[in-house]
Amino acid sequence: MLVDWSKVHYFTAADWGPLVKRLDPTLIYAVDDLRALIGVPIMLGDAIAPGHDAAGEHPRGRAVDCHAIGLPLLDFWLAAERIRAFGGIGIYPFWVTPGLHLDTRLGPHRARWWRDEARAYHPLTAATLAAIMVGEATA
């Protein structure tokens, strides 16, 4: 399935990089919906790029790393949770500009996690979410 760019209001193909044709159109539409919901620009990072887990969603064209300009990480995450297409959402509070991993993974279960300062991954729980949002997260 190809992206119908007339249905994408906030991004162009160029915003997604040279491998845009390999991306899941659902991902592009969902991120566009998220941008409309939050009302501020989303800066796209890695979608399909070297260095990601070969078994993950990035090589499949179903994931992007991003951050929202001028929006607290908690608000960005809460808005992303409202977009049903995001089967996977990772919170990355220790990036230079804190942001989210968003993916359109297939399957009945949604995945939620966060990555600590040492780059270790952890399940997202109420306690860790609270700590992340006040800057006290530890492994």
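Helices (H or I, at least four residues) and strands (E, at least two) are DSSP runs, numbered from the N terminus. You're looking at a predicted model, where local features need pLDDT of at least 70 and side-chain atom pairs count only at pLDDT 80 or more, while totals for chains, interfaces and linings use all residues. Residues are numbered from 1 along each chain as its sequence is written, and side-chain values use heavy atoms, with hydrogens and water left out.

- D65 is buried, and buried here means under 20% relative accessible area, with exposed being over 50% and partly exposed in between (1.4 Å probe, protein chains only).
- There's no salt bridge for D65, a salt bridge being a side-chain nitrogen of Lys or Arg within 4 Å of a carboxyl oxygen of Asp or Glu.
- The nearest side chain of opposite charge to D65 is R115, 7.3 Å away; for charges, Lys and Arg count as positive and Asp and Glu as negative, while His and the chain ends are not counted.
- The D65 side chain does make a polar contact with the side chain of H58, at 3.3 Å.
- Leaving aside neighbours within four places in sequence, D65 is in contact (heavy atoms within 4.5 Å) with several residues, including M43, L44, G45, H52 and W95.

**The largest pocket**

- The largest pocket holds about 450 Å³ of space.
- Of the 23 residues that line this pocket, the closest to its centre are H52, H58, D65, Y92 and H101.
- What counts as a pocket: on a 1 Å grid over the protein atoms alone, it is an open set of points with protein on both sides within 12 Å along at least five of seven lines, where a 1.4 Å probe fits; lining residues have an atom within 4 Å of a point.
- At least two lining residues come from each of β1 (42-44), β2, β4 (99-103) and β5 (111-115).
- Which strand gives the largest share of the lining? That's β2, with three residues.

**Salt bridges**

- The count of salt bridges comes to four.
- R60 and E57 meet through their side chains in one of them (3.8 Å, N to O).
- R60 counts as partly exposed because its relative accessibility is 41%, whereas E57 counts as buried because its value is 12%.
- E57 also forms a salt bridge with R62 (2.8 Å, N to O), and both R62 and E57 are buried.
- Another salt bridge links the side chains of D103 and R105 (2.8 Å, N to O).
- D103 has 0% relative accessibility, so it counts as buried, while R105, at 25%, counts as partly exposed.
- Salt bridges that share partners join E57, R60 and R62 into one network.

- H122 is at 18% relative accessibility, so it counts as buried.
- The side chain of H122 makes a polar contact with the side chain of D116, at 2.7 Å.
- R119 lies in the loop between β5 and β6.
- Its phi is positive, about 70°, although R119 is not a glycine.
- R119 counts as exposed because its relative accessible area is 58%.

- T125 is found in the loop between β6 (121-123) and α3 (126-133).
- With a relative accessible area of 39%, T125 is partly exposed.
- T125 and R112 are 13 residues apart in sequence, and their C-alpha atoms are 8.7 Å apart in space.
- L37 lies in helix α1, residues 25-38, and counts as partly exposed at 36% relative accessibility.
- How far from L37 is L19, C-alpha to C-alpha? The two are 18 residues apart along the chain, and their C-alpha atoms are separated by 26 Å.
- Not counting residues up to four places away in sequence, L37 touches A79, R82 and I83.

Notes
Polar contact = N/O pair within 3.5 Å; in protein donor to acceptor, adjacent residues only side chain to side chain. Points joined across faces, edges and corners; volume = space filled by probe spheres on them.
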